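Please look through the structure below with its sequence at hand, and then follow the report, which takes up a few places one after another.

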Amino acid sequence: METVAFQPDLRLALPNVYGPLDYRTFREILIQIDNILIKLDLEHQLIMDVLLPSYEEAQTKEALRSSLTKKMMTRYGKLKQALRCNIARHLTGESYRAFSLRLADSTLFQWFTNTDEFSRGNSISKSALERYEKYFDEETVKDRIQKALSELSDSKRASEIGLHETVDFQKTWMDSTCVKANIHYPVDWVLLRDATRSLLCTIKTIRRQGLKHRMPSPESLLKQINKYCIAMSHTRRKKDSKKRRKCILRSMKKLSQCIAKHAKRYSTLVEEKWSQTQWSEVQKNGVLTRINSILSQLPEAIRQAHERIIGERQIKTNEKILSLYDQDVEIIVRGKAGSEVEFGQRLLLVEQTDGLLIDWQLFSKDSSSDSACVQPTIKRLQK
């Protein structure tokens, strides 16, 4: 293990809070994870993989010193914070916004994520947490974790991190589950509501920068689309519901197309006059990407709603738009009580006798059965 001259921030002592059993158990888990990250050198290796793509080749002190710049060493602390924030957020299963609020108020999480600086505390926004999620590549993280786990079969290495005996990898269990997407139930006309709302919110953001084009107020258009959605929901049990739903959808289509035209004009306006705003080029590109992503999918979402409600025709599963924001969402038919059909991605998990997760695979656009994953999983475990 090579040493990098990085001075970590001073951490306040973790207060001894004698809370309920659930809290004490979760607190102990975080302490154990902290020890594992440090003693297995896992944290350092993951950070160096991001800072130095050729880290495997630069294992000597001389090579490391010549490769790392001062700017990289400054970023080292930020990546360390990002890695620990990702771990803590996934342990809680909370959204970016919810975890941001919890992190600002929790001494335990501040200690674990190294944000508990003396005299002041740095709160982390939901946008920063979302950026942290993209710092580390899944395959790199997976390889590093598997290498660290393989060391636990050695008795000496296991005792160094506080294990009383080595980890046994001879017996394993595997099963798949669904990572549910954070989306609405994909009703066709709800997609139109989501698209128009996203476009109107982006238009309001542009107008706050002083760039305006002649149009009705975004609030009035948003109010109008919400009225159509309420009417669509209430007509389901009324007489002639099919006829009424078709009539309402035609109005929603016209309004959606009208809002799309306004969004296109504002997109052109931003491209021509963004220098008059307070945005940087990165912020400008982010706004344009948001608009163009919705505009490119809106025609297909309108066609899909027309085919399903007005034409009363089915659409093939692989041609459906399930979410305007998450392109990897799939329809997973599990046939279980309470979850006949789920929307998300299939995740394969492999654990050993003690319940330690030793392998996983997140499938994207793959409908292979669990039995077809046995041989590839065994090869990964043997490797």
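## Two loop residues with positive phi

In this predicted model, Glu-312 lies in the loop that runs between helix H13, residues 281-310, and strand S2, residues 330-336. The phi angle of Glu-312 is near 55 degrees, which is a positive value in a residue other than glycine. With a relative accessibility of 45%, Glu-312 counts as partly exposed, because that class covers the values between under 20%, called buried, and over 50%, called exposed.

Asp-240 is found in another setting, namely the loop between helix H11 (218-234) and helix H12 (241-273). For Asp-240, too, phi is near 55 degrees, a positive value in a residue that is not glycine.

## An aromatic cluster

How many aromatic pairs does the structure hold? The structure holds three of them, and among these is the pair of Phe-26 and Phe-109, which is edge-to-face, with 5.8 Å from centre to centre and 65 degrees between the planes. Since Phe-26 belongs to helix H1 (residues 21-39) and Phe-109 to helix H6 (residues 107-112), the pair ties together parts that are 83 residues apart in sequence. Both Phe-26 and Phe-109 are buried.

Phe-109 also forms an aromatic pair with Phe-99, and this pair is edge-to-face as well, at 5.4 Å centre to centre and with 75 degrees between the planes. Phe-99 lies in helix H5 (residues 96-105) and Phe-109 in helix H6, so this pair ties together parts that are ten residues apart in sequence. Phe-99 is buried, with a relative accessible area of 0%, and Phe-109 is buried with a value of 1%. Taken together, Phe-26, Phe-99 and Phe-109 form one aromatic cluster.

Asp-137, Glu-138, Glu-139 and Asp-143 form a negative surface patch. One of these residues, Asp-143, lies in helix H8, which spans residues 138-151. Is Asp-143 buried, partly exposed or exposed? Its relative accessibility is 40%, and therefore Asp-143 counts as partly exposed.

## A contact across the sequence

Val-179 is part of strand S1, which is made of residues 172-180, and with a relative accessible area of 40% Val-179 is partly exposed. Along the sequence, Val-179 and Glu-342 are 163 residues apart, whereas in space they are 8.9 Å apart, taken from C-alpha to C-alpha.

Key
Residues numbered from 1 in each chain as written. Predicted model: local features only at pLDDT ≥ 70, side-chain atom pairs only at ≥ 80, totals over all residues. Heavy atoms only, no water. Patch = residues over 30% accessible without salt bridge, like charges linked within 9 Å, V, L, I, M, F, W, Y side chains within 5 Å. Areas by Shrake-Rupley, 256 points an atom, 1.4 Å probe, with all protein chains shown as cover. Salt bridge = Lys/Arg side-chain N within 4 Å of Asp/Glu carboxyl O. Lys, Arg positive; Asp, Glu negative; His and termini not counted. Charge placed at Lys NZ, Arg CZ, Asp CG, Glu CD. Helix = DSSP H or I, 4+ residues; strand = E, 2+ residues; numbered from the N terminus. Buried < 20%, exposed > 50% of the residue type's maximum accessible area, 1.4 Å probe, protein only. Phe/Tyr/Trp six-rings, centres within 6.5 Å; stacked < 30°, edge-to-face > 60°.
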